[in-house]
Amino acid sequence: MNKPKILIVDDDVKLLALTKLILEKIGSFEIHTEHRSFAALQRAQAFGPDLVILDVDMPGKDGGDVAAELSMDPVLRRVPVIFLTSLVTQHEAGTRKDGRFLGKPVSPQLLLQTVREALAVAA
């Protein structure tokens, strides 16, 4: 059985590594990362993720810009996006028409729950 593929995009390399580590510890995902927002679309096109986790506040292109690029790609437009950001608190976080929002820092349990829900909805 193929593992669901997740692309994580965050300019903070320490948080990027931590998020990757959390999801890899579960052992049921194939994880790729990208710390440069301007390279996120190309990485997604090459990797073919089942889910993308995006930081919102990044230099160059923000997460909204990257999500817009993904939505214009004929293959990637159906890939769910989770925004992981310090711009909202956990209380403000939730699901909107343009994606799910999680506030940083996020607990490993909430991250995993949100990833599994997004993958289940996309299936």
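**Entry 1: Arg36 and Glu34.** I began with Arg36, which counts as partly exposed because its relative accessible area is 35%. For burial I use these cut-offs: buried is under 20% relative accessible area, exposed is over 50%, and partly exposed is in between (1.4 Å probe, protein chains only). Arg36 has a salt-bridge partner, Glu34, and their closest N and O atoms are 2.8 Å apart. (A salt bridge here is a side-chain nitrogen of Lys or Arg within 4 Å of a carboxyl oxygen of Asp or Glu.) Is Glu34 buried or exposed? I found Glu34 buried, since its relative accessible area is 3%.

What I am looking at is a predicted model, where local features need pLDDT of at least 70 and side-chain atom pairs count only at pLDDT 80 or more, while totals for chains, interfaces and linings use all residues. Residues are numbered from 1 along each chain as its sequence is written, and side-chain values use heavy atoms, with hydrogens and water left out.

**Entry 2: the overall layout.** I counted up the secondary structure next and got four helices and six strands. (Both are DSSP runs numbered from the N terminus: helices are H or I with at least four residues, strands are E with at least two.) Going along the sequence, I read the pattern as β-α-β-α-β-α-β-β-β-α. The protein has 123 residues, and 44% of them count as buried. I also checked contacts, meaning heavy atoms within 4.5 Å. Of the contacts with a separation of 6 or more, 58% are between residues 24 or more positions apart. The accessible surface comes to about 6,900 Å², with 55% of it belonging to carbon and sulfur atoms. (Areas are from the Shrake-Rupley method with a 1.4 Å probe; for residues, only the protein chains shown count as cover.)

**Entry 3: other salt bridges.** How many salt bridges does the count come to? I got seven. Opposite charges on side chains can pair when the charged atoms come close. One of the pairs is Lys104 with Asp10, where the closest N and O atoms are 2.8 Å apart. Lys104 is in the loop between strand E6 (99–103) and helix H4 (108–122), and Asp10 is in the loop between strand E1 (5–9) and H1, so this pair ties together parts that are 94 residues apart in sequence. Asp10 is buried, because its relative accessible area is 3%.

I then went to Arg100 and Glu117, whose side chains meet in a salt bridge at 3.8 Å, N to O. Arg100 sits in strand E6 and Glu117 in helix H4, so the pair ties together parts 17 residues apart in sequence. Arg100 is buried at a relative accessible area of 16%, whereas Glu117 is partly exposed at 35%. I noted a network too: salt bridges that share partners join Asp10, Asp55 and Lys104 into one.

**Entry 4: helix H3.** I looked at residues 63–72, which make up H3, and found Gly63, Val66, Ala67, Glu69 and Leu70 buried. Why do they line one face of the helix? Seen down the axis of H3, the buried residues fall within an arc of 160 degrees (taken from the directions from the helix axis to the C-beta atoms), so they line one face. The buried residues of H3 pack against H2, E3 and strand E4 (81–85).

From that set I picked Leu70, which is buried because its relative accessibility is 6%. Leaving aside neighbours within four places in sequence, Leu70 is in contact with Leu41, Ala44, Val52, Leu76, Arg77 and Val81. Leu70 and Leu41 are 29 residues apart in sequence, yet their C-alpha atoms are 6.5 Å apart in space.

**Entry 5: Asp50.** I found Asp50 in the loop between helix H2 (40–47) and strand E3 (51–54). Asp50 is partly exposed, as its relative accessible area is 33%. Which residues does Asp50 touch, not counting those up to four places away in sequence? I listed Lys3, Pro4, Lys5, Val79, Pro80 and Leu119. Asp50 and Ile6 are 44 residues apart in sequence and 5.9 Å apart in space, C-alpha to C-alpha.

**Entry 6: Leu18.** Last stop: Leu18, in helix H1 (residues 13–26). Leu18 is partly exposed, with a relative accessible area of 44%.
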